[in-house]
Amino acid sequence: MMPLAARTALRRAAAPGALLAMAVCVAGAQEAITFTDVERARIAQLSPLGDPPPDPTNRHADDPAAAHLGRFLFHDERLSGAGDVSCATCHDPARAFADGRARAQGAGLGPRNTPSLLNAAYQRWLFWDGRADSLWAQALQPLERDIEMNGDRRAIAGLIERDPALREAYEGVFGPWPGNEAGMVDRVFVNVAKAIAAYERTLVSRNSSFDRFASGLANGDPSAMAAISPAAQRGLKLFVGKAGCRMCHHGPLISDGEFHNIGVPPHPEVPGRDSGRYDGVRLLAANPYREDGAFNDADPYVRPVQVRQGPELWGQFRTPSLRNVAVTAPYMHQGQFETLRDVIVFYSTRDGAVSAGHHQEQILAPLELTEAEIDDLIAFLQTLTDTNPGADLLVPPQSPIFRRDAP
Amino acid sequence: MNRRPGAGRRVARMTGTLACLAAASCATPRHEAALPPAVTPDRLVTSNDGAFIIAWRIEPETLPLNEAFGLRIEVRDARQPGIPLRDVMLSVDAAMPEHGHGMNVIPGVMRDRDGVFHIRDMRFHMPGRWELYFDVSRGGVTERAQVEVHLE
Amino acid sequence: MIVNCVAVRALEWAMVLQALPGLACGPERADGPLGRFDRTIVDVSGPEAVAAGPDGEVVICETGAHLISVFDQAGRLLRSWGECGQAPGQLDSPAGVAVDGAGRIVVADTGNHRVQVFDRDGSFLSEWSGYGRDAGRLINPTGVAVHGGLIYIADTGNHRVQVFGADGASVRIIGQRGRENGQFMSPTAVAVGPDGRLYVADTYNHRVQVFDADGRFLGAWGEYGPFPGLLAYPTGLAWDGELLLVVDSRNHRIQAFNERGEAVHEWGSHALWLRDGEGRFETPTGIAVTADGAFAIVTEPLEDRCQVFGRLGDQTLELPPPVREQSHFGQRLMADGDLLVLPEPDLHAIGAYNITGEVPILIGKFGVLGAGFGQLLHAPAVCADATTSDVFVSDVALGRVQKFRLKRDDREQLKYIANISRFVKSFNLAAIGPITPTAITRDRAGRMYVLDAESCRLHVLDEDLAVVAAWGEYGHEPGRFRGPTDVAIDEARQRVYIVDRGNRRVQAFDPAGAFQFAFVPAPAAEGIDGAGDCWGIAVGPDGALFITDPTAHRIGVFGPDGTYVESWGGQGEDEGRLFKPRGITCGPDGRIYVSDFGNHRVQVFDPSGRSSAMLGWRKPRKLPGDADE
């Protein structure tokens with residue numbers, strides 16, 4: 001492996017091959033933007049986004065009753081210590097299930113940016129540092145973390161036990177109330193998280209104008225291809241071409257779900273330095289709610305994959321999905337960049353990039369994009385927006401009890 | 001359990017310093033692509049100092065991007081390449097040398113009764129040029145065979 | 001009714017919830033943490049270690065001059081004793097020191113593989129131990145701590161910690177060579193904490209390990225890297241109240257950890273210029289904190305100085321900027337044909353240069369950090385075969401030699417080749433025995449000559465790992481060695497030369513190991529300082545021998561029989577001058593390439609002794625009026 005002296009900019013030139021000319025007529029535009037075979041193949045990888053992969057660790061993952069209860073709990077501030085914070089406080093349905101802030105503000109100010117929950121079901125790892133490996137294992141942590149919801153599992157179990165609607169809803173999904181068995185508080189707590197996870201699995205966002213364009217490109221349908229502007233199409237060519245975005249932002253989730261250190265400078269107001277995946281792997285190892293732990297509903301003989309651990313993980317953070325990126329500012333793990341332009345300028349110039357040490361991966365060299373290219377890339381990224389997974393999913397139900405005919 | 005970021009098309013193109021065991025697989029005419037081959041052919045590579053020949057194939061047949069895959073490997077003596085060697089150990093790794101990183105997961109190696117190695121939990125999480133390494137150890141000496149793989 | 005809160009799991013869970021970014025908290029002090037640069041103590045020779053004495057005295061091991069020197073708070077030399085030798089009271093490259101409750105000075109007399117005790121004034125009191133692997137014996141001890149009537153020694157060459165009573169009896173042995181918990185790789189410092197636990201700087205494993213009073217492993221923290229909490233060759237330990245200060249030598253900084261191993265504070269950054277100081281470091285090694293906690297003293301043996309730091313009060317120390325691309329050449333290098341190979345240990349990489357012309361041209365770099373095949377953990381020694389484009393790299397931490405093959409471009413020989421090498425083969429020396437491959441060379445028949453400095457032994461191996469010949473053990477007689485540093489082959493004369501540094505001589509053997517002769521690599525004339533110190537050796541095309549002397553900062557030129565011819569170099573930073581030169585090798589046209597280690601460069605001399613080219617990071621000395629970078 002080359003530690004690195006030649007910082008090679010990975011510039012992907014369009015491969016020679018049969019060009020398929022498609023005349024695109026958009027109102028007012030006369031130019032025809034064509035896509036090479038290689039570009040088409042790469043664009044085809046980005047869409048459509050299929051259904052979320054199954055989560056065998058949560059037997060209620062696709063249970064509508066669990067999702068209904070989860071939707072209720074997601075918005076229920078009584079789960080928090082002071083009764084004033086719910087999941088929706090930071091994962092605000094009106095803000096693409098993020099919060100529009102640099103760093104999360106729950107019961108206290110957090111050290112990192114709130115990720116959007118849209119399409120969270122597709123991620124292999126949860127949190128910026130990947131310290132949880134399932135949606136329900138992630139949901140547990142904010143419930144009890146002091147600066148997030150500052151709740152307590154005993155209090156939550158007590159709440160459900162005493163509230164008739166919650167009790168009935170819980171029993172409708174998870175069976176009779178456990179009573180005074182050993183470990184019952186933990187089991188209720190985990191079930192709460194699994195219900196919330198079931199709800200989060202329904203937050204699927206995959207009908208953006210880009211998806212319509214991609215379908216049109218694959219099927220040779222010019223009217224569908226008109227779903228995105230010529231500028232956005234040029235931006236898309238950059239995205240799968242010389243801008244090299246698809247190195248990490250690939251697949252229909254537009255994220256590899258893995259971890260990279262791209263040298264984003266730390267936020268000046270956050271003390272210390274965030275080690276990211278380095279400590280994330282250790283926290284994953286210490287996490288009792290890991291997929292191979294006691295609360296995993298899946299086949300116990302499925303051996304989990306071993307994750308590589310070492311100092312090269314220092315400062316790595318999870319590649320976010322770029323779906324809905326235009327509406328989930330600010331960007332990066334501490335919200336260091338306010339606008340998409342700031343992000344792209346960072347990739348383009350690498351100004352202010354923090355060195356990652358001698359033994360880190362070295363993927364990025366300055367792209368040196370022109371202003372027009374930056375505009376085009378932004379135009380493309382804006383076509384990835386589809387923030388409404390379904391109007392009824394954005395608000396809590398009247399009652400936590402699932403009735404097939406009721407809202 | 002591994003979960004992939006979503007269903008996607010998987011395309012792979014492979015090169016390497018090797019000889020095709022079954023010439024038919026290298027040059028299948030397009031119209032015959034619909035017929036499944038009788039035996040999935042192995043690819044061959046000679047180790048870097050010439051001691052071993054590695055016969056290997058990816059399982060499933062095409063290399064997926066950012067999804068788990070496995071390998072089936074036989075290690076043979078370069079002077080007598082008939083049957084798999086049993087007095088050797090094998091370790092498998094991969095890297096993207098231009099990026100300075102390898103895989104994020106640690107593959108598992110298992111050997112069956114016939115001396116064939118089965119590798120599981122490989123995953124190439126990024127497109128680009130990967131090098132795949134087969135390190136064969138016997139006594140205190142380890143020799144590497146390697147192939148280059150381009151993942152789209 | 002809710003019962004049964006799982007208390008234990010809740011505790012672990014709290015750790016998972018709380019263990020998130022930000023610096024850990026350490027105990028607050030009104031006068032702030034240490035780190036304010038105060039002054040420099042200069043003109044101390046290669047000081048590897050320091051200890052705090054009573055009344056604010058500072059006890060420094062002047063390792064290069066075989067002295068113990070005591071300074072007062074203001075930096076004035078109060079007294080000094082020691083001379084090079086093996087008799088009681090004499091010292092050989094002492095690299096560890098501690099002061100006990102009664103003010104006695106306990107010294108790790110490294111080159112003599114023993115412990116010596118002196119009273120405050122330097123009068124010899126007692127000594128014990130000597131070279132060996134058994135209980136009670138030591139190899140290259142380099143760290144000392146005294147606590148509760150016991151003396152703890154970092155027994156570096158044995159990769160263990162040995163505990164002695166005040167009478168010199170071996171009380172306990174902790175650990176052995178390895179990378180697991182409770183094992184060590186060249187530990188170089190020990191300290192006992194306020195909690196009575198033993199803390200060990202496990203240097204080549206880049207971590208600190210903690211043991212209880214009975215030697216049972218309790219925990220460890222650290223691994224290789226430049227970030228907070230990561231370490232690169234930790235070599236010194238000192239307690240500042242409840243914080244453990246660790247000399248993070250290749251990160252050129254001091255890190256302070258709390259007892260949970262969390263990084264709390266750091267100071268220091270890499271020198272910007274040659275000989276720079278002012279709070280910036282060049283590979284610091286030792287540290288001590290004065291009894292009143294007012295000052296920390298940090299030693300820099302390469303720079304022949306110590307820097308003193310006070311407390312910051314309410315000043316905040318700006319965290320140094322994140323690591324820039326800095327790299328130093330290693331101490332060893334090797335030329336063959338048109339190829340020069342030169343390790344860069346900070347990058348865990350090897351550079352390959354075309355040396356057809358006067359100036360070496362970099363044609364590629366390879367190597368990556370790791371313990372896997374084809375990776376390097378601590379690989380200071382290399383040799384090359386230009387005919388096959390093979391490079392052999394010995395890894396001291398993993399006890400193996402690895403062979404890489406370089407891609408050469410025949411048409412454009414000076415072109416830089418990305419991805420220049422592929423890993424071919426690994427030779428695991430443990431299959432033969434516990435060998436530390438300190439230096440390596442190769443003959444035309446393809447046999448590897450592996451010099452083990454710890455065991456004082458040379459092994460000749462073929463590529464099937466069969467032992468062709470092996471000779472040497474610790475001692476003074478011909479055919480025995482003390483701290484050998486380098487090996488070179490004269491094919492024409494069928495001779496193997498070994499630099500027997502500890503015995504201040506060079507020995508010559510035939511390829512089967514039969515002793516031929518020995519000589520002292522010093523000029524017959526008087527008047528050249530430090531004559532007789534030797535480190536690296538190269539054989540010229542007509543059998544001439546080129547031997548580096550790091551103490552006189554010279555290259556000595558000798559005939560094939562050891563007759564002195566002339567000297568090149570002399571101390572300095574200019575062209576043609578050297579500072580602590582180490583490895584040396586000869587190109588096919590007689591050009592000499594020397595690792596001018598203290599000047600962080602490689603210098604090329606033509607056969608007449610004229611400096612003809614230089615490679616490497618050589619920031620000139622800061623001139624008056626230069627702005628800080």
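## Chains A, B and C in a predicted model

Chain A exposes about 15600 Å², and carbon and sulfur atoms supply 53% of that area. The model is predicted. Values below are computed from it.

**Chains A and B**

Chain A holds 13 helices and three strands. Chain B has one helix and eleven strands. Along the sequence, the elements of chain B run β-α-β-β-β-β-β-β-β-β-β-β. The accessible surface of chain B is about 7000 Å², with 54% belonging to carbon and sulfur atoms.

| Chain | Residues | Share counted as buried |
|---|---|---|
| Chain A | 407 residues | 61% |
| Chain B | 152 residues | 53% |

Take the contacts in chain A with a separation of 6 or more: residues 24 or more positions apart account for 72% of them. In chain B, residues 24 or more positions apart account for 58% of the contacts with a separation of 6 or more.

**A helix pair in chain A**

Helix α4 of chain A spans residues 135-144, and helix α7 of chain A spans residues 184-201. The two pack at an angle of about 115°, and their axes lie 8 Å apart. The contact draws on A:Leu135, A:Trp136, A:Ala139, A:Leu140, A:Leu143 and A:Glu144 from α4(A). From α7(A), the residues in the contact include A:Phe189, A:Val190, A:Val192, A:Ala193 and A:Ile196. The crossing of α4(A) past α7(A) is right-handed.

**Two isoleucines of chain C**

C:Ile153 sits in strand β11 of chain C, residues 150-155. Is C:Ile153 buried or exposed? C:Ile153 counts as buried because its relative accessibility is 0%, below the 20% cut-off. Beyond its neighbours within four places in sequence, C:Ile153 is in contact with C:Val115, C:Leu138, C:Pro141, C:Gly143, C:Val144, C:Arg160, C:Val161, C:Gln162 and C:Phe164. C:Ala191 is 38 residues from C:Ile153 in sequence, and the C-alpha to C-alpha distance is 9.5 Å.

C:Ile361 belongs to strand β30 of chain C, residues 361-366. C:Ile361 has 32% relative accessibility, so it counts as partly exposed; that class lies between 20% and 50%.

Definitions and conventions. Residues are numbered from 1 along each chain as its sequence is written. Chains are lettered from A and ligands numbered from 1 in the order in which they are written. This is a predicted model: local features need pLDDT of at least 70, side-chain atom pairs count only at pLDDT 80 or more; totals for chains, interfaces and linings use all residues. Side-chain values use heavy atoms; hydrogens and water are left out. Helices (H or I, at least four residues) and strands (E, at least two) are DSSP runs, numbered from the N terminus. Buried means under 20% relative accessible area, exposed over 50%, partly exposed in between (1.4 Å probe, protein chains only). Contact means heavy atoms within 4.5 Å. Accessible areas come from the Shrake-Rupley method with a 1.4 Å probe; for residues, only the protein chains shown count as cover. Axes are lines fitted to C-alpha atoms, for helices over the stretch in contact, and angles run from 0 to 180 degrees between N-to-C directions. A crossing is left-handed if the near helix is turned anticlockwise from the far one by less than a right angle, and right-handed if clockwise.
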